[in-house]
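Subject: A structure for you to look through

Hi there,

Here is the structure I promised to pass on to you. Please open it beside this email, and then read on for what I found.

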Amino acid sequence: MSLLSALRERTRILHVEVEEAMDIMDPELTLDIYRQTLLTFHRFYSELQTRLDAHPSHYPEYNFSVKPQLSRLEADLKFLGVTAQKPTGPVSFPMPEIADDSLRMGIFYVIEGSALGGQLITRHIKQKLEITPESGGSFFHGSGDQTAQNWKRFLTQLSAFDSKIEQHKGVLTGAEATFSGLLDLMRAGQSVHKGTTSDETRLRH
Ligand code: HEM
């Protein structure tokens, strides 16, 4: 089985769970829910960047970075008049230390893959909220027309790991941890949204 097939198999249910936890494709999508979603992603990307920055990549062919997406999130939040606050206290985020590039590869499988769904979300928010990439929707738009090409480029990099069987475990762990981390933050955000406290959510971890 190729590494890509293993990643798809291992994260299929997590993808469904993340999609369900996000209210963003809801026909009743509101601006409030949209803003909350951006805040959750902002928290997630900020935390991820801190963790990625803690360990330099030794893999030269791919320029791993969540910085462009983080900048887009900041621009969208600013446009929509939301102040993104740096989270205080510990963030419940089950992610192993990114000590080698196999974990990094798994993380970026999720980050790059999410841009594919972002294109559908872009159409939806335009339809429901009249939000365009220029008016608070640049995060989900991401690289826009370049998305398919970026994904192909990522898959080429990933295929270089096919023969490195000893690294597969790390790639799978990185992808699972990334999906799970986001899912945790989404569920915590949702419970705040639905009226319970984030502290109650944190107690589960
Ligand atoms: C409601 C939100 C979402 C929708 C509707 C959605 C939809 C999709 C679609 C349609 C694809 C397949 C595209 C294709 O094969 O051409 C895809 C792929 C993918 N999505 Fe999502 N997505 C959503 C959210 C997310 C999020 C939040 C993440 C992770 C942070 C994510 C991670 C991925 C990954 C990793 C793939 C690549 C799967 C593969 O081909 O191996 N998605 N998504």
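Let me start with a definition: a residue is buried if 20 or more other C-beta atoms lie within 10 Å of its own, exposed if 12 or fewer, and partly exposed in between, with the C-beta atoms placed from the backbone. Ser-2 is a handy test case, because its 13 C-beta neighbours inside 10 Å make it partly exposed.

Two notes on reading the rest. Residues are numbered from 1 along each chain, as its sequence is written. This is a predicted model, so local features need pLDDT of at least 70 and side-chain atom pairs count only at pLDDT 80 or more, while totals for chains, interfaces and linings use all residues.

**Confidence**

The predictor's confidence in each residue is called pLDDT and runs from 0 to 100. The chain averages 86, and 85% of the residues score at least 70. Helix α5 (residues 138-141) has the highest confidence, at 98, and helix α8 (residues 198-202) has the lowest, at a mean of 31. Over residues 193-205 the pLDDT is below 50, and this stretch has 11 contacts in the model beyond near neighbours in sequence. A contact here means that the C-beta atoms of two residues, placed from the backbone, lie within 7 Å. Where pLDDT is low, the predicted coordinates should not be read in detail.

**The overall build**

The chain has 8 helices and 0 strands. Along the sequence, the pattern reads α-α-α-α-α-α-α-α. Of the 205 residues in the chain, 30% are buried. Among contacts with a separation of 6 or more, 79% join residues 24 or more positions apart.

**The core**

A nonpolar core is a set of buried Ala, Val, Leu, Ile, Met, Phe, Trp, Tyr and Cys residues joined through C-beta atoms within 7 Å. Which residues have the most contacts inside the largest nonpolar core? They are Tyr-109, Val-171 and Ala-175, in a core of 34 residues. At least two residues each come from α1, α2 (31-53), α4, α5 and α7 (165-193), and α4 gives the most, with 9 residues. Leaving out residues up to four places away in sequence, Tyr-109 touches Leu-7, Leu-158 and Ala-175. In soluble globular proteins, nonpolar side chains tend to be buried together.

Leu-182 lies in helix α7. Is Leu-182 buried or exposed? Leu-182 counts as buried because it has 25 C-beta neighbours inside 10 Å. Not counting residues up to four places away in sequence, Leu-182 touches Val-18 and Phe-44. Leu-182 and Thr-40 are 142 residues apart in sequence, yet their C-alpha atoms are 8.2 Å apart.

**Around the ligand**

The ligand is surrounded by 16 residues, and the closest are Glu-19, Gly-113, Ser-114, Leu-116 and Gly-117. By type, the shell holds 10 nonpolar, 4 polar and 2 charged residues. Here Ala, Val, Leu, Ile, Met, Phe, Trp, Tyr, Cys and Pro count as nonpolar, Asp, Glu, Lys and Arg as charged, and the others, Gly among them, as polar.

Ala-115 is in helix α4 and is buried, with 20 other C-beta atoms within 10 Å. Aside from its neighbours within four places in sequence, Ala-115 is in contact with Gly-142, Ser-143, Thr-147, Asn-150 and Trp-151.

His-124 is also found in helix α4, but this residue is partly exposed, with 18 other C-beta atoms within 10 Å. The C-alpha atoms of His-124 and Leu-29 are separated by 9.1 Å.

Glu-130 sits in the loop between α4 and α5. Glu-130 counts as exposed because it has 11 C-beta neighbours inside 10 Å. Its phi is near 55 degrees, a positive value in a residue other than glycine. Most residues other than glycine have a negative phi.

Happy exploring!

Definitions and conventions:
A residue is near a molecule or strand if its C-beta atom, placed from the backbone, lies within 6 Å of it. Helices (H or I, at least four residues) and strands (E, at least two) are DSSP runs, numbered from the N terminus.
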